[in-house]
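Here are my notes on the two-chain model you sent over.

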Amino acid sequence: MATLLQGLGVASAFSASPSLDSKKLQLRSLSGRKAGIYVVRSDASLNLHTGAPKAGRLITNAVVAKGDSSAASTSSKPGHELLLFEALREGLEEEMERDPTVCVMGEDVGHYGGSYKVTKDLANKFGDLRVLDTPIAENSFTGMGIGAAMTGLRTVVEGMNMGFLLLAFDQISNNCGMLHYTSGGQFKIPIVIRGPGGVGRQLGAEHSQRLESYFQSIPGIQMVACSTPYNAKGLMKAAIRSKNPVILFEHVLLYNLKERIPDEEYVLSLEESEMVRPGEHVTILTYSRMRYHVMHAAKTLVNKGYDPEVIDIRSLKPFDLHTIGNSIKKTHRVLIVEECMRTGGIGASLTAAINENFHDYLDAPVVCLSSQDVPTPYAGPLEEWTVVQPAQIVTAVEKLCQ
Amino acid sequence: MALYMRKSTTILRHVKSKMAFMASLQRGSRSSSTPHFDRNALCQPNFRNLSNIHRFESTIAQNHLSSVCADENQVLDFPGGSVKFTPEMRFISESPLERTSCFRVLDDNGQPILGGSFEQVSMETAVKMYDNMVTLQTMDTIFFEAQRQGRISFYLTTNGEEAINIASAAALSMEDLIFPQYREPGVLLWRGFTFQEFANQCFSNKYDNGKGRQMPIHYGSKQLNYVTIASTVASQLPHAVGAAYSLKMEKKDACAVTYFGDGGSSEGDFHAALNFAAVMEAPVIFICRNNGWAISTPTSDQFRSDGVVVRGQAYGVRSIRVDGNDALAVYNAVKAARQMAISEQRPVLIEALTYRVGHHSTSDDSTKYRPANEIESWRLARDPVGRFRKWIERNGWWNCEADTQLRNNARKQLLQAIQLAEKEEKPPLAEIFSDVYDVPPSNLGEQETWLRETVKKHPQDYPSDVSL
């Protein structure tokens with residue numbers, strides 16, 4: 001598996017350290033900062049959490065940064081501030097500079113800059129051949145990416161929306177995942193397939209799909225989901241450097257999250273999860289956009305006297321059972337919050353894995369909050385009700401901790 | 001060209017009918033002013049005849065005709081470029097007047113056709129080609145028999161398509177990447193895959209390149225630049241385009257070559273791959289083995305176009321139709337295509353017409369859907385191997401004894417290879433879990449441990465000849 005690479009001097013708050021114990025977190029601190037636990041708040045600004053929870057203001061929209069502290073914070077802190085899609089672009093650009101075999105292909109990625117601007121200006125910098133505009137044939141340009149990867153390029157295939165990659169399922173399942181195995185290891189496929197998925201703002205059922213539940217069974221691929229600019233850049237770089245085919249799930253509503261990320265180069269591990277908020281009472285496992293709903297609910301829970309431990313699992317295939325296991329051994333209660341449908345989603349698999357491996361440590365059955373098994377409706381309130389909301393999370397934790 | 005000529009004949013017909021109409025309306029008035037029409041005589045020479053016909057009462061038609069005449073030379077600007085317009089509503093016919101002609105160099109008796117243009121092939125190459133074609137035939141026969149004897153589970157023959165396999169391989173270089181469908185083991189044979197390697201793959205023993213993970217005939221060799229066969233139809237076409245794109249970026253003196261059948265040309269991947277290759281100007285050769293059958297589906301049920309070659313132009317891809325049973329023609333066409341693909345950085349489509357003499361595979365009995373005499377006539381009278389043999393014998397490069405010797409040797413070696421491969425051990429248990437990823441992750445490690453324990457606990461339920 002890809003080894004963990006981290007730039008020196010970067011706080012390792014965002015990746016789980018092997019022996020996690022909330023009392024004795026060993027951190028390499030950034031210069032000029034006290035060692036402490038870095039908590040990503042739901043408004044996506046970095047703050048030091050020194051033990052006593054700050055009563056933050058409740059934000060109704062637990063997704064996009066409102067840019068509250070950005071005005072005051074610019075030059076004094078190290079690193080630079082950017083939005084999530086810019087972080088993705090930065091990661092991609094750095095890898096393309098570093099390795100001339102990295103190339104991007106997808107619809108409108110070239111001179112248009114990508115439908116979510118992740119590949120903006122890359123075509124001007126690297127040329128049309130390395131940032132390739134493809135005709136509308138997802139199965140075929142994914143196949144092209146696979147063929148190019150087999151022949152020595154490191155392709156990054158962008159699906160304009162993850163849902164469109166359903167058309168590429170044949171190539172992803174039958175060829176991308178399989179060819180390394182069926183060729184006896186002769187042909188490697190170091191491809192990255194990425195794109196935005198998840199429920200957006202009234203995009204309609206076809207554009208609100210959670211493809212991680214369909215792809216999770218395919219042997220031979222790895223899946224990761226990014227949720228902050230920091231891990232977006234790190235995971236993008238790790239995915240490109242990985243020898244295996246990696247599917248990077250982004251979320252439509254998270255592209256405008258702002259965060260301050262280090263100037264130094266860093267690469268995250270593809271198989272590790274992220275400790276967002278250590279706690280004692282209950283382990284809440286989540287990923288992508290639901291992380292923010294959970295953190296929003298965590299504020300309420302803290303006010304009510306609970307101490308939830310929130311882990312952003314990040315690695316959807318394979319699960320980081322090490323971190324998750326350590327957490328369960330401490331709290332003995334698990335709540336999974338996901339955006340996938342109830343049937344066959346990531347939560348379903350995670351529940352099975354936890355029950356199999358950590359049954360003895362559980363004081364209560366694993367609770368999984370997921371979307372209903374319905375296509376996502378268009379109407380605003382209906383759409384909101386299909387996605388797990390913070391209030392439901394609070395109720396579930398309360399019930400779990402009784 | 002044909003379309004343009006049809007246009008002028010249509011105009012001729014149109015003008016004649018107009019003339020007849022006008023003649024029927026004559027009212028004894030004076031003839032039309034000829035100079036008016038003569039001004040435009042160059043663009044519509046036939047209008048000169050109208051000077052004999054009487055004028056209409058109205059001059060509107062006259063002006064209209066003249067304005068139309070002038071505008072015929074104007075173009076319209078649309079996204080994609082300018083097009084000439086025509087006031088005449090004309091549908092392009094669904095089929096051309098004549099089917100695209102087929103390039104062949106040797107006739108059915110192996111005689112070079114007069115006036116043919118082909119590159120002479122050296123004796124060495126020609127003999128090697130024949131040798132390989134015969135070997136391929138022999139290999140097919142023996143492995144097919146082995147399947148019928150129950151020694152391997154599955155096999156797919158190339159009967160009738162030996163020329164396409166070998167001649168195309170002969171025209172390529174070792175650096176060209178091959179993306180095959182499944183009926184092209186001849187290309188591997190030409191490149192040096194040994195009988196033992198073929199047999200090892202079919203028996204999926206531990207010496208198989210693919211480590212026993214794929215069905216028989218799903219060969220692959222990175223060393224010989226032949227990508228492992230996947231069972232999915234036409235999925236290799238976009239792969240080939242991607243590989244060609246990679247070669248283009250690296251500016252290598254090589255191209256990607258991909259094979260598929262008439263059935264494969266119906267898959268979505270075919271259309272997108274050709275389209276992409278044209279747009280990206282990728283150096284890839286698409287070789288379609290149009291053998292008339294897709295399992296039991298004849299080409300009349302597969303498409304209604306004039307075969308696959310006409311689709312090339314639809315995507316902006318240069319194409320040629322070749323007699324797939326004429327080894328020399330195939331050799332020449334592929335050689336020329338390769339040159340074009342690499343020097344001009346463009347895709348080329350080659351449709352090789354042939355006939356699938358054998359069954360689709362060992363799981364098929366083709367006499368159920370086609371007449372046995374049709375199969376026999378192609379097998380005997382139109383055999384590509386026999387045809388090429390006549391040509392090399394006529395050149396004095398081959399004889400009967402050499403033939404018998406070749407066949408006997410091949411047969412002996414193949415039987416030996418099969419016997420050896422059969423006896424070899426199957427791949428060890430560890431190979432179930434390796435190569436899924438670059439390094440096995442923890443969950444696979446767990447699963448492997450569990451499996452090993454199970455096998456150890458119940459050895460009687462598991463084959464004893466598989467090492468752990």
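1. Chain B first: its accessible surface comes to about 23000 Å², and 53% of that belongs to carbon and sulfur atoms. For chain A the figure is about 14600 Å², with 54% from carbon and sulfur. These areas come from the Shrake-Rupley method with a 1.4 Å probe; for residues, only the protein chains shown count as cover.

2. Some ground rules. This is a predicted model, in which local features need pLDDT of at least 70 and side-chain atom pairs count only at pLDDT 80 or more, while totals for chains, interfaces and linings use all residues. Residues are numbered from 1 along each chain as its sequence is written, chains are lettered from A and ligands numbered from 1 in the order in which they are written, and side-chain values use heavy atoms, with hydrogens and water left out.

3. Chain B has 16 helices and nine strands, and chain A has 13 helices and 16 strands. Helices (H or I, at least four residues) and strands (E, at least two) are DSSP runs, numbered from the N terminus. Of the 468 residues in chain B, 47% are buried; in chain A it is 62% of 402. Buried here means under 20% relative accessible area, exposed means over 50%, and partly exposed is in between (1.4 Å probe, protein chains only).

4. On contacts (heavy atoms within 4.5 Å): in chain B, 72% of those between residues at least 6 apart in sequence join residues at least 24 apart. The corresponding share in chain A is 80%.

5. Have a look at strand 4 (residues 256–261) of chain B. Six of its six residues are buried, so this strand is largely enclosed by the rest of the structure. B:Ala256, B:Thr258 and B:Phe260 point one way, B:Val257, B:Tyr259 and B:Gly261 the other way, and all are buried. Strand 4 of chain B runs parallel to strand 3 (residues 177–179) of chain B, joined by three bridges, with B:Leu177 opposite B:Ala256. Strand 4 also pairs with strand 5 (residues 284–290) of chain B, again in the parallel sense, over six bridges; there B:Phe260 has B:Cys288 as its bridge partner. Pairing requires that DSSP finds at least two bridges between the strands.

6. What does B:Leu106 touch, beyond its neighbours within four places in sequence? The list is B:Gln111, B:Pro112, B:Ile113, B:Asp326, B:Leu328, B:Arg387, B:Phe388 and B:Trp391. B:Leu106 is in the loop between strand 2 (81–84) and helix 4 (123–148) of chain B, and is buried at a relative accessible area of 1%. B:Ala327 is 221 residues away in sequence, yet the C-alpha to C-alpha distance to B:Leu106 is 8.4 Å.

7. Over in chain A, seven strands form an open sheet with mixed pairing, in the order 5-4-6-7-9-8-14. Strand 5 (131–133) and strand 14 (315–317) of chain A are the edge strands, each pairing on one side only. Neighbouring strands are turned by 20° against each other on average, direction ignored. Helix 2 (residues 84–98) of chain A lies across strand 4 (102–106), strand 5, strand 6 and strand 9, at about 135° to strand 4 of chain A. Axes are lines fitted to C-alpha atoms, for helices over the stretch in contact, and angles run from 0 to 180 degrees between N-to-C directions.

8. Chain A also has an open sheet of five strands, in the order 11-13-12-15-16 and with mixed pairing. Strand 11 (274–277) and strand 16 (367–371) of chain A stand at the edges with a single partner strand each, so one side of each is left without a neighbour in the sheet. The twist averages 25° from one strand to the next. Strand 11 runs antiparallel to strand 13 (residues 308–312) of chain A, with three bridges between them.

9. Last, a spot where the chains meet. A:Asn244 is in the loop between helix 8 (229–241) and strand 9 (246–251) of chain A, buried at a relative accessible area of 3%. A polar atom of the A:Asn244 side chain lies 2.7 Å from the backbone nitrogen of B:Asp438.

How values were computed
Polar contact = N/O pair within 3.5 Å; in protein donor to acceptor, adjacent residues only side chain to side chain.
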